[in-house]
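Here's a quick briefing to read alongside the sequence and the 3D view. Have both open before you start.

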Amino acid sequence: MIVISLLNRKGGAGKTTASVNLAAIFAELKGKRVLLTDIDPQANATTYLDKYISKDETSVYDVICNDVPTRSAIIDTNINNLKLIPSNVNLDKADTFLTTLPMAKEFVLKKKLKEIDSEFDYVIIDCPPARNNLTTNALTASDYTILPCEATEYGIDSIFAMNEFISNIQQCVNSNLKVAGILFTKKENTSVQKFYVEQFKAALKSYHFFDTEIRKTTIVEKSLTEHQPLIIYGKREEVTKDYIKVADELEKIIKETGK
Ligand SMILES: Nc1ncnc2c1ncn2[C@@H]1O[C@H](COP(=O)(O)OP(=O)(O)OP(=O)(O)O)[C@@H](O)[C@H]1O
Ligand SMILES: [Mg+2]
């Protein structure tokens, strides 16, 4: 089982869109057994897949804070081979809960995912836009992280902020964590965006950048409104092909660097 977290503390960077669509491509197109884990209290990945979990239903909150068996929180989706651990607003309480744990608060999610280790090829974690106990747990549990971001000045700042966070995780709790790469999302062919891409690459020489950039298009919003990942909503759309290429690149990276 390979665990991949989609991370950026900047809101709206494209984490959820990338998480759901990469998970759906690995599951539907590549036939992998995939578990999408939504650890954002906004529950956007859960909603994208047309699932709504009331406060009384089992969610990722119960897995992390109430130690319910991980298996009991996993639900089916409409996509072949794709399962989901859904989130809901209860997860707002998780960060404080984790703070109060006397020991090993970084390792809770890692321990809970171990319970289903042999049942999935990939676990994809959609992180909230924050550097907090939840994202620390995601990175502690992960083999790889992908940093989706927009090619803007604020985008560069957010990656610098994540850089320090990731280094701390690698040094303190998870030396196995690798940065698969920076993924440009909502990319337009403007000279301003090209300028920022160059700035990024010059400023972050030690990072890998995915060769494929995800183009900006209204198709993404439409797929969200229909609650259908791109591979189902529009298999032949150019943006779907972008995500398929990113999935191919990711598999190559895992093959070359993996366990
Ligand atoms: N390639 C794209 N083209 C156009 N719109 C996009 C694209 N990717 C994402 N979006 C839109 O941008 C918005 C933010 O995307 P998304 O929810 O994936 O970001 P996020 O990083 O998960 O946000 P948050 O930090 O709030 O969790 C959404 O409305 C989404 O539909
Ligand atoms: Mg999100």
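Is K201 buried, partly exposed or exposed? K201 counts as partly exposed because its relative accessibility is 36%; on this scale buried is under 20% relative accessible area, exposed is over 50%, and partly exposed is in between, using a 1.4 Å probe and protein chains only.

Keep in mind that this is a predicted model, where local features need pLDDT of at least 70, side-chain atom pairs count only at pLDDT 80 or more, and totals for chains, interfaces and linings use all residues. Residues are numbered from 1 along each chain as its sequence is written, chains are lettered from A and ligands numbered from 1 in the order in which they are written, and side-chain values use heavy atoms, with hydrogens and water left out.

**Ligand 1 and its surroundings**

- Ligand 1 has 19 residues around it, and A13, K15, T16, T17 and R215 are the closest (a residue is near if one of its heavy atoms lies within 4 Å).
- By type, that shell splits into five nonpolar, seven polar and seven charged residues (Ala, Val, Leu, Ile, Met, Phe, Trp, Tyr, Cys and Pro are nonpolar, Asp, Glu, Lys and Arg are charged, and the others, Gly among them, are polar).
- T16 puts a polar side-chain atom 2.8 Å from an oxygen atom of ligand 1, and Q42 has one 3.2 Å from an oxygen atom of the ligand (polar contacts here are pairs of N or O atoms within 3.5 Å).
- On its own ligand 1 exposes 640 Å², and the protein buries 85% of that (Shrake-Rupley areas, 1.4 Å probe).
- Helices α1 (15-29) and α9 (218-225) are the elements that give two or more residues to this shell (helices are DSSP runs of H or I, at least four residues, numbered from the N terminus).

**Helix α6**

- Nine of the nine residues of α6 (residues 133-141) are buried, so the helix is largely enclosed by the rest of the structure.
- Among those buried residues are N133, L134 and A141.
- Where α6 starts, a side-chain oxygen of N132 comes within 3.0 Å of the backbone nitrogen of L134.

- K201 belongs to helix α8 (residues 191-203).
- E106 is in the loop between α4 (94-100) and α5 (108-114), and its relative accessible area of 25% makes it partly exposed.
- E106 and K205 are 99 residues apart along the chain, and their C-alpha atoms are separated by 29 Å.

Definitions and conventions. Polar contact = N/O pair within 3.5 Å; in protein donor to acceptor, adjacent residues only side chain to side chain.
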